[in-house]
Amino acid sequence: MIPEDLRYTAEHEWLAPAEAGAFKVGITHFAQDSLGDIVFVQLPEVGTTVGAGDSLGEVESTKSVSEIYAPVSGEVVAVNSALADAPELINSDPYGEGWLVQLKVADAAAVDALLDAAAYRELTEAS
């Protein structure tokens with residue numbers, strides 16, 4: 001459950017190219033599986049500027065509340081408004097309909113510096 005074409009963080013976020021030079025951000029299958037049933041998502045407003053590692057919001061599950069961190073610096077250009085009414089999309093489709101935000105990335109080279117699928121797989125197997 002680790003798509004080969006995405007980039008990953010050690011905090012279990014993923015990044016995928018979207019339209020108009022933006023990148024979709026979400027949490028990985030590993031993260032949603034660890035969290036359990038997701039019941040609420042708090043996301044930033046469109047136009048928010050974040051630095052790499054800054055909080056992008058929170059995901060609340062029946063087990064805990066977890067911060068979501070920006071994998072790279074950029075501006076939030078879209079949020080997945082479907083999650084307001086259906087946060088469980090993160091559980092059922094973390095790499096598809098369960099995406100969280102889209103970022104207009106400040107430095108495209110920062111994307112390449114993230115973990116590739118092999119490195120992320122190694123990280124999760126060590127957990």
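Biologist: How many aromatic pairs does a search of the whole structure find?

Modeller: The search finds two aromatic pairs. Rings of Phe, Tyr and Trp (its six-membered ring) count as a pair if their centres lie within 6.5 Å. Planes under 30 degrees apart are stacked, those over 60 are edge-to-face, and the rest are tilted.

Biologist: Which kind is the pair of Tyr8 and Tyr120?

Modeller: Tyr8 and Tyr120 are stacked, at 4.6 Å centre to centre with 10 degrees between the planes. Tyr8 is in strand E1 and Tyr120 in helix H5, so this pair ties together parts 112 residues apart in sequence. Helices (H or I, at least four residues) and strands (E, at least two) are DSSP runs, numbered from the N terminus.

Biologist: What should I know about the model itself?

Modeller: This is a predicted model: local features need pLDDT of at least 70, side-chain atom pairs count only at pLDDT 80 or more, and totals for chains, interfaces and linings use all residues. Residues are numbered from 1 along each chain as its sequence is written, and side-chain values use heavy atoms, with hydrogens and water left out.

Biologist: Back to the tyrosines. Are Tyr8 and Tyr120 buried or exposed?

Modeller: Both Tyr8 and Tyr120 are buried. Buried means under 20% relative accessible area, exposed means over 50%, and partly exposed is in between (1.4 Å probe, protein chains only).

Biologist: And why is the pair of Trp14 and Tyr95 called tilted?

Modeller: The ring centres of Trp14 and Tyr95 are 5.9 Å apart and the planes are at 50 degrees, so the pair is tilted. Trp14 sits in strand E2, and Tyr95 in the loop between helix H3 (89-92) and strand E9 (101-105), so parts 81 residues apart in sequence are tied together. Trp14 is buried, with a relative accessible area of 1%.

Biologist: New topic. How many salt bridges does a search of the whole structure find?

Modeller: It finds one salt bridge. The term means a side-chain nitrogen of Lys or Arg within 4 Å of a carboxyl oxygen of Asp or Glu.

Biologist: Which side chains meet in it?

Modeller: Arg121 and Glu4 do, at 2.6 Å, N to O. Arg121 is in helix H5 (residues 117-126) and Glu4 in the segment before strand E1 (7-8), so the pair ties together parts 117 residues apart in sequence. Arg121 is partly exposed, at 27% relative accessible area. Glu4 is exposed, at 57%.

Biologist: What about the phi of His12?

Modeller: His12 has a positive phi of about 75 degrees, although it is not a glycine. His12 lies in the loop between E1 and strand E2 (13-17). His12 is buried, at 17% relative accessible area.

Biologist: And Ala20, what is its phi?

Modeller: Ala20 has a positive phi too, of about 55 degrees, and is not a glycine. Its place is the loop between E2 and strand E3 (22-27). Ala20 is exposed, at 67%.

Biologist: Where does Gln32 lie, and what does Gln32 touch?

Modeller: Gln32 is in helix H1 (residues 29-35). Gln32 is buried, at 6% relative accessible area. Leaving out residues up to four places away in sequence, Gln32 touches Ile27, Ile38, Ile90, Asn91 and Pro94. Contact means heavy atoms within 4.5 Å.

Biologist: Last one. Is Asp37 buried or exposed?

Modeller: Asp37 is exposed, at 52%. Asp37 is in the loop between H1 and strand E4 (38-42). Beyond neighbours within four places in sequence, Asp37 contacts Glu60, Ser61, Thr62 and Asn91.
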